[in-house]
Amino acid sequence: MAALSHVGKWSQKGLVLMRRMLSSGKASLVVVTDSGGVRTLLLNNPKRRNVLSLEMLEALRDGVTSAPAETRLFLLTAGKEKVFSAGHDLVDLKNNPTEYQRRVFGTASAICLMMQRSPRPFVASVYGLAAAAGCQLVASCDVVIAADTAKFSTPGIKVGLFCSTPGVALTRAVPSKVAMEMLFTGRAISAQEALRSGLVSLMVPSDKLEDETEHVVQSIISNSAAVLALGKQYIYSQMGTTPSAAFKQGTDTMVCNLAHPDAQEGIAAFKEKRAPKWTTPKGK
């Protein structure tokens, strides 16, 4: 349980103690911890439903960009809070000028692009409600593990503010008819609905969320970091192309991959019935 041990497997007592120790300042809005190649980003403003203020977004962005070279994976979580994130602070946005509003939306969008462009996998572990820009963050992750208590929504339409930027991530994660119903009605979908639509990778009982998250995280980082990076870049880049172009690009990628030392090592290890020894990841 290396990746999650620093938060006491998210025990409520452990999280409360951590939040008391980090009760003020921008850094406390996102608790950043490193363990076993996993950088955990814990959204840490539960009293305000983890609202994605500019300060929270900047802390989240900094948590990503400051990751050490040995980071293999990012884990985004809010622990066992009833609200993963309620999205942007609408009152704050309403009371500030256009330049500030653009900065908030732009920072959130930049983080989502950063997640998908990063060579490292991003995993979200969701216990409660992910709404609006909170749903946007989740939809931008590569893998999402949800408790059966989780819900997902884009409710901006209910207050006269269409969830346009959350819609970018949502429409790329679920079928358009599902996304449009969520965007047009503001209805929150259950974890089961999210699983069926493809917004969620796995759904587990709420008391199994930490264990399943740890299992998935360890399963991912046990593989070659270099090959994960190569594969992630290819999968996202081929999505906007034709099948013909995607297959051609895929062929080129696989030929390149076969020449990589980790592929050579992996095939040799398979043949020799032993565990592979991957190359050490370099850079970010």
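**Figure 1. Gly128 touches Glu81, Lys82, Val83, Phe84, Thr149, Ala150 and Lys151, not counting residues up to four places away in sequence.** A contact is a pair of heavy atoms within 4.5 Å. This is a predicted model, in which local features need pLDDT of at least 70, side-chain atom pairs count only at pLDDT 80 or more, and totals for chains, interfaces and linings use all residues. Residues are numbered from 1 along each chain as its sequence is written, and side-chain values use heavy atoms, with hydrogens and water left out. Gly128 sits in the loop between β5 and β6. Helices (H or I, at least four residues) and strands (E, at least two) are DSSP runs, numbered from the N terminus. Gly128 has a relative accessible area of 3% and is therefore buried. The cut-offs are under 20% relative accessible area for buried and over 50% for exposed, with partly exposed in between (1.4 Å probe, protein chains only). From C-alpha to C-alpha, Gly128 and Ala78 are 8.5 Å apart in space, while 50 residues separate them in sequence.

**Figure 2. Strand β5 (residues 122-126) has five of its five residues buried.** In a regular strand the side chains alternate between the two faces of the sheet. β5 runs parallel to strand β3 (residues 73-77), to which four bridges join it. In this pair, Leu75 stands opposite Val123 of β5. Strand β7 (residues 143-147) is also joined to β5 by four bridges and runs parallel to it. Here Ser125 stands opposite Ile145 of β7.

**Figure 3. Four strands form an open sheet in the order β4-β6-β8-β9, with mixed pairing.** The edges are β4 (83-85) and β9 (189-190), each of which pairs on one side only. Two strands pair if DSSP finds at least two bridges between them. Between β4 and strand β6 (residues 129-131) there are two bridges, in the parallel sense. The bridge partner of Val83 in β6 is Leu129. Helix α5 (residues 133-140) packs on this sheet and touches β4, β6 and β8 (151-153). The direction of α5 makes about 100° with that of β6. Axes are lines fitted to C-alpha atoms, for helices over the stretch in contact, and angles run from 0 to 180 degrees between N-to-C directions.

**Figure 4. Asn50 and Ala132 have positive phi values.** Most residues other than glycine have a negative phi. The phi of Asn50 is near 50°, and that of Ala132 is also near 50°. Asn50 belongs to the loop between β2 (38-43) and α2 (54-65). With a relative accessibility of 0%, Asn50 counts as buried. Ala132 belongs to the loop between β6 and α5. Ala132 is buried too, its relative accessible area being 14%.

**Figure 5. Helix α11 (residues 243-258) has a buried side and an exposed face.** At 1.5 Å a residue, the 16 residues of α11 should span 22 Å, which agrees with the 22 Å between the end C-alpha atoms. The expected span is 1.5 Å times one less than the number of residues in the helix. Ala246, Gly250, Thr253 and Asn257 of α11 are buried. Because these four cover an arc of only 65° around the axis, they lie on the same side of α11. The arc is that of the directions from the helix axis to the C-beta atoms. On the face turned away from this side, Ser244, Phe247, Lys248 and Val255 are exposed. Among the elements that cover the buried residues of α11 are α10 (225-238) and α12 (261-272).

**Figure 6. Lys232 is a buried residue in helix α10.** The relative accessibility of Lys232 is 10%, so it counts as buried. Leaving aside neighbours within four places in sequence, Lys232 contacts Met115, Gln116, Ser118, Pro119, Arg120, Pro121, Phe122 and Asp142.

**Figure 7. Residues 10-14 and 19-27 have pLDDT below 50.** pLDDT is the predictor's confidence in each residue, from 0 to 100. The protein chain averages 91, and 89% of the residues score at least 70. Residues 10-14 stay under 50 and have twelve contacts in the model beyond four places in sequence. Residues 19-27 are also below 50, with 14 contacts beyond near neighbours in sequence.
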